Amino acid sequence: MNDLLITLGSLIGALGNTQSAATLRDHLGLVNTQLQLLKEHVERLEQENADLKQRNQALEQQLPSQLNHYQNSNPNRYCCDNCGSDNLTRTGNRADPTFGVLGMKQAVFTCNDCGTESAFTPN
Ligand SMILES: [Zn+2]
């Protein structure tokens, strides 16, 4: 882009001190100003992009532990069979009492309030 501006400047220079050359010089000056503004804009966007990449990388590193936490928490808001609390942590699986012979399992949760285990067949 700078080469193009230099070439245009040379071509305009070859026109001498004519009115057309003066007009073209003015326009070239405006183009140059716009180019500088665009370069600054690109620099800001590149910096913003670099910042977002860094933030994204940090979030990606947190993702496995967040996912693990989510899977071991109680996303379906099941309630404890003993006290009714939904403050449960997933602690395992077991065969469903009715359909276990068909391979169906229940999710086992331990209540963080009373310590009782409850099992739920996923819908
Ligand atoms: Zn409980």
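Two strands pair if DSSP finds at least two bridges between them. The exercises below apply this to a predicted model.

**Exercise 1.** Determine how the strands are arranged in the sheet and which of them are edge strands.

Solution. 
1. List the elements: the protein has 2 helices and 3 strands, and from the N terminus on they run α-α-β-β-β.
2. Order the strands: the 3 strands form an open sheet, β1-β2-β3, with antiparallel pairing.
3. Find the edges: β1 (88–95) and β3 (117–120) each pair on one side only, which makes them the edge strands.

**Exercise 2.** State how many bridges join β2 and β3, and name the bridge partner of T110 in β3.

Solution. 
1. Strand β2 covers residues 105–111 and pairs with β3 in the antiparallel sense over 4 bridges.
2. Within β3, E117 is the bridge partner of T110.

**Exercise 3.** Compare the radius of gyration of the protein with that of a compact globule of 123 residues, then describe the domain layout.

Solution. 
1. The radius of gyration is 34 Å, whereas a compact globule of 123 residues would have one near 14 Å.
2. Along the principal axes, the C-alpha atoms fill a box of roughly 95 × 35 × 20 Å.
3. The domain assignment gives domain 1 (2–70) and domain 2 (75–120); their centres, taken over C-alpha atoms, are separated by 58 Å.
4. For burial, count residues with 20 or more other C-beta atoms within 10 Å of their own: such buried residues make up 4% of the 123 residues.

Notes: Residues numbered from 1 in each chain as written. Predicted model: local features only at pLDDT ≥ 70, side-chain atom pairs only at ≥ 80, totals over all residues. Domains from an automatic or database assignment. Rg over C-alpha atoms; globule rule 2.2 N^0.38 Å. Buried ≥ 20, exposed ≤ 12 C-beta atoms within 10 Å, placed from the backbone.
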